[in-house]
Amino acid sequence: MNTNIAVDARNIGKVYGNGPSAVAALGDVSISIEQGEFFTLLGPSGCGKTTLLRCIAGFETPTSGTIFLSGQDITHTPPNQRPVNTVFQSYALFPHLNVAQNVGFGLKMLGRPAAEVAKAVDRVLSLVKLQEFADRLPQQLSGGQQQRVALARALAPEPQVLLLDEPLSALDLKLRKEMQSELKRLQTETGITFIFVTHDQEEALTMSNRIGVMSQGALLQVGTPHEIYEHPVNRFVADFIGETNFLDGQVDGGRVRIGTGDMLDVQLSGQTGDVTLAIRPEQIQLGTADAGLTAKITEATYMGTDTHYTVSLSDGSKIVARVQSNSVGAFKVGDTVGIGIDTKAVQVLKT
């Protein structure tokens, strides 16, 4: 057994119900998460990521498969006997208890001595920078502060693994970004394994050491943020992680002919026949319509540092280019432009 693995889930299946009405939430999912890793399960609603998290927590029992925690089989171990804590979307703070009492509640229920509880509460409140709020009630705190209290409460028993089920979804955009940095800081400082569930690809890319992309109960790809973004294994992953343009084409003499009839010198890895090209908006350059691939601008959206241009190719295909707002003269809707594509960065996917 690899001692560097915190969570090892093997062939996990989860089916709800019986007979024709049965619903498979997970289908033969296997994943290994390393000690001290910030690992994110990413995917759309209903893909099975929260079900997998609940199986690790012990709130759900897998229909099939085995879950190991630091080498120990915990598949059927009750939640309260697992060295795992969970932070939910709802902070679930006790309104009649102050911050310190909320944070220490779990330790108190475990029968820890009062001095030990007080020391742990002080330690984690310092970690989340809330010492001066120890005597306040939850309703006297902002949403971000309440989230920090929930984190402190989960960290107080020093769990081996901390599970986070979309804990930032209720926060506004600015606060959510601040909490992303806070979570990464907390994970780095504590060294605890974090398993984070989200449907927000920006959260996943910002915080994670590795990401597991899920869809329809299956784990499609596991990799670093760079690997997932730059080298998606299929169209779903490419489309779900960041903005992506897709162009259909056909391999022709070691190159790819797209719908306009133009040939692109992209890197092929044995692909033949029909293929789909995945092209990130930042890999497309706009210039004067001198020759080669041209298009007409149909939409221009100013985003501050960037301007997003939607362009229509001669065959009707539409792609989006992301251009730094100060890098070129501003194009306008109706202009015919030349299209430059960084073909080394184009991903070729089988259709």
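Gln147 is buried, with a relative accessible area of 0%, where buried means under 20% relative accessible area, exposed means over 50% and partly exposed covers what lies in between, with a 1.4 Å probe and protein chains only. This residue is found in helix 4, residues 143-155, and, leaving aside its neighbours within four places in sequence, Gln147 is in contact (heavy atoms within 4.5 Å) with Val87, Tyr91, Pro167, Leu168 and Met179. The model is a predicted one, in which local features need pLDDT of at least 70 and side-chain atom pairs count only at pLDDT 80 or more, while totals for chains, interfaces and linings use all residues. Residues are numbered from 1 along each chain as its sequence is written, and side-chain values use heavy atoms, with hydrogens and water left out.

Of the contacts between residues at least 6 apart in sequence, 66% join residues that are at least 24 apart. The protein chain exposes about 16600 Å², of which carbon and sulfur atoms supply 49%; accessible areas come from the Shrake-Rupley method with a 1.4 Å probe, and for residues only the protein chains shown count as cover.

Helix 1 (residues 49-57) has seven of its nine residues buried, so this helix is largely enclosed by the rest of the structure. The buried residues of helix 1 are Lys49, Thr51, Leu52, Leu53, Cys55, Ile56 and Ala57, and just after the helix Gly58 takes a positive phi of about 100 degrees.

A search of the whole structure finds six aromatic pairs, where rings of Phe, Tyr and Trp (its six-membered ring) pair if their centres lie within 6.5 Å, and planes under 30 degrees apart count as stacked, over 60 as edge-to-face and the rest as tilted. Because Phe38 lies in strand 3 (residues 38-42) and Phe196 in strand 8 (residues 193-198), the pair ties together parts that are 158 residues apart in sequence. Phe38 counts as buried at 0% relative accessibility, and Phe196 is buried with a relative accessible area of 0%. Phe94 and Phe105 form another tilted pair, at 4.6 Å centre to centre and with 55 degrees between the planes; here Phe94 sits in the loop between strand 6 (84-87) and helix 2 (99-109), and Phe105 in helix 2, 11 residues apart. Phe94 is partly exposed, with a relative accessible area of 28%, and Phe105 is partly exposed at 29%. Ring pairs also link Phe38, Phe194 and Phe196 into a cluster.

Rings meet charges as well. The charged end of Lys14 sits over the ring of Tyr16, 5.1 Å from its centre, and that of Arg235 sits over the ring of Phe246, 4.1 Å from the ring centre; a charge sits over a ring if NZ of Lys or CZ of Arg is within 6 Å of the ring centre and within 35 degrees of the ring normal.

Technical notes. Helices (H or I, at least four residues) and strands (E, at least two) are DSSP runs, numbered from the N terminus.
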